[in-house]
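Here are my notes after a pass through this one, in the order I'd look at things. Have it open on your screen as you read.

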Amino acid sequence: MQESNVDLLIIGAGPSGLMCANALAGRGFNIRVVDKRAVGVQAGQADGIQPRTHEILQSYGLMERLLREGVEIHRNAFYNPGPSGGIQRVERTAAISQPTARYPFTMCRHQGGTENFFIDAMRPKGLEVERSTVPTVLELSTSTDSPELLDPQANSVKVVLQHLDRTENDREVVHAKFVLGTDGAHSWVRKAMGIRMEGGHTDFVWGVVDFFPDTNFPDIRARTVIHSTHGSILVVPREGDLVRLYVQLSDMDVVDKQTNRVDKAQASPEKLIETAARILQPYYLRAIGDVQWWTVYIIGQRVAEKFTVQDRILIAGDACHTHSPKAGQGMNASMGDTHNLAWKLAYVLRGWADMSLLRTYEAERRKFAQDLIEFDKEWSTLFSGKPRTDQHQDGVTHEATLGVFKRFGGFSSGIGIRYAPSIIVDSKHQACASKLIVGERMIPHVFIHAADAKPANIHDLLPSDLRFKILVFVADVTTDTGAVPLRKLSERMGVESSFLRRFGHGNHLETFDILCITSAERDKVDYTDVPELFRSHWSKVLVDDVDYSGRCGGGGFAAYGIDPKEGAIVVVRPDGYVGTVAPLDRVEDIDAYFAGFML
Ligand SMILES: Cc1cc2nc3c(=O)[nH]c(=O)nc-3n(C[C@H](O)[C@H](O)[C@H](O)COP(=O)(O)OP(=O)(O)OC[C@H]3O[C@@H](n4cnc5c(N)ncnc54)[C@H](O)[C@@H]3O)c2cc1C
């Protein structure tokens, strides 16, 4: 059998595998991505993409395409049974309630379309998905207590791959430093490693159907929750004039009593649309042309007991958590997992960070997955319950549904995700940037370039390029209040013991990008007013002032809770989350932060 070595073998090219592959492609790693499918997803499956995922996609330069190809959802509508037997609207609300979301709406794009964003971005960087390929053997090539496992350069995992499209030489052996299993809910990798899923199934059976509707229902282009005496549906607008309906199937006939699995053969898209039409009365609903995609499922709410084996074989996405699709979380959670993991793998592979950095992946993302299941339990129970009526006083009220929607808004949009304190989340000096919560994603805000007065969202200056971003917020640098502490900081950051020197590997700009944001006035400050360390390029110096149109910029220090006279250092992790903050005169705490995990 042919044998080869790789840094990372990714098994499964769904959203989570592809997010990781694209994040690491073209950065000097030897990566392979394999998938058992002969072709990618053509229609259906996941569609909802949430505000935090938009920000993540933007950090990889992919959001423009999503805006072009997807559909924006700005409105929610809620319907309950009306007095005449049919449904009636109770309320309309904003689809997203997070004031700091850069893109304050959900978007929909079918899963295959989203996967293509990554596939097309990876190709010029020399990475393609190898299709019709499955693993048949996966094992650590050494005992679990071997010191070799602590050496990230050791090819400690052996995988036998089978190429399903070949008749000869169809097997090969791959020796990998790391293996990532992103092979979906029925993960072969997870099973091969004997990792158990914890949790169970609900009794709620739902059908999903994507089609072009002919209807007089006025909220067909809103995300609409409908409780009726005939059951419940969720309406999700899709690309073009397409619509997705999630239809509650009260008919338990679609479940095989022996296996407790859904028997799709007992349902049909026509039946789903008929049920939906009954629920939608007094409005009418018919399908135009052929249904695009449909399926039936039972809600499973499960999390893997662990996400890694010896930090060498890792699993992500649906391979380690499943829940109902109606809150539009799965694809987001899956991509969020590997966005979290990719930079950690890069740092360990480059020998820049200790292997212990990888442990923060499971700590951060398993906690998130458990929270997701808790959210999903409340959410899917509300969706699947009967509405409250005079005869059924225990039923679900619209207020309860809206209450859960609002209470979990930060979570379901992804904006409010907060990673707990760890070696990479240190909130000791939280007070010096009181609104930039350590462990949460950096809040987007528009500042003005000092050099040309062009406004820029800070997020666009924090791309996912595997570098830590060191943001120095300082008072007016045209006066001593700002200039003096900045000069001292520059001197302090230049000494041998500073993190820049210790962990910069000879060229700190490979690991750290430094930006300087001053409260000086737009037309009085020059970008050359700051010490050279803070202006590796003219675009790195910003002012917290309004632009010439007066429409954007200003108020950044206040939005971040930073005293404009005191300033602060903000460390943003490569995945866009605030790692730590410190006063300008506490560089030693930033040194200690990096010394906690970097080599
Ligand atoms: C009806 C439905 C609606 C959904 N709606 C939403 C939604 O609106 N929003 C949302 O965020 N999520 C939604 N989801 C969930 C979403 O589809 C998943 O959470 C998401 O696709 C998980 O991504 P993943 O990359 O982890 O796994 P998957 O997308 O399942 O990808 C796994 C990949 O691994 C490959 N693979 C599997 N086994 C092997 C093997 N042995 N060897 C090699 N390759 C293998 C598969 O071919 C596949 O390409 C929905 C799911 C369903 C079923």
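1. Start with a helix pair. Bear in mind that this is a predicted model. Helix α11 (residues 480-494) and helix α14 (residues 587-595) have axes that come within 10 Å and cross at roughly 35 degrees. The hand of that α11 and α14 crossing is right-handed. As a reminder, the angle between the axes and the distance between them are how two packed helices get described.

2. Which residues make the contact between those helices? From α11 you'll find L489, R492 and M493, and they meet V587, E588 and D591 of α14. Sorted by class, the residues of this contact come out as three nonpolar and three charged, with no polar ones.

3. Now the ligand. There are 35 residues around it, and the ones that come nearest are D35, D47, Q111, D318 and M331. By class, this shell splits into 16 polar, twelve nonpolar and seven charged residues.

4. Where does the shell come from? Several elements supply at least two residues each: the helices α1 (15-24) and α7 (330-349), and the strands β9 (133-140), β15 (243-248) and β16 (285-304). Of the contributions to the shell, that of α7 is the greatest, at four residues.

5. A few polar pairs deserve a look. In the side chain of D47, an N or O atom sits 2.5 Å from an oxygen atom of the ligand. R37 has a polar side-chain atom 3.4 Å from an oxygen atom of the ligand. As for cover, the ligand taken alone exposes 990 Å², and the protein buries 87% of that.

6. Finally, two backbone spots I'd flag. Most peptide bonds are trans, and most residues other than glycine have a negative phi. Against that background, the peptide bond from Q281 to P282 is cis, with omega near 20 degrees. P282 is in the loop that runs between α6 (269-280) and β16. You'll find S132 in the loop between β8 (129-130) and β9.

Technical notes: Residues are numbered from 1 along each chain as its sequence is written. This is a predicted model: local features need pLDDT of at least 70, side-chain atom pairs count only at pLDDT 80 or more; totals for chains, interfaces and linings use all residues. Side-chain values use heavy atoms; hydrogens and water are left out. A residue is near a molecule or strand if one of its heavy atoms lies within 4 Å of it. A polar contact is a pair of N or O atoms within 3.5 Å; within protein, one must be able to donate a hydrogen and the other to accept it, and residues adjacent in sequence count only if both atoms are side-chain atoms. Accessible areas come from the Shrake-Rupley method with a 1.4 Å probe; for residues, only the protein chains shown count as cover. Ala, Val, Leu, Ile, Met, Phe, Trp, Tyr, Cys and Pro count as nonpolar, Asp, Glu, Lys and Arg as charged, and the others, Gly among them, as polar. Axes are lines fitted to C-alpha atoms, for helices over the stretch in contact, and angles run from 0 to 180 degrees between N-to-C directions. A crossing is left-handed if the near helix is turned anticlockwise from the far one by less than a right angle, and right-handed if clockwise. Contact means heavy atoms within 4.5 Å.
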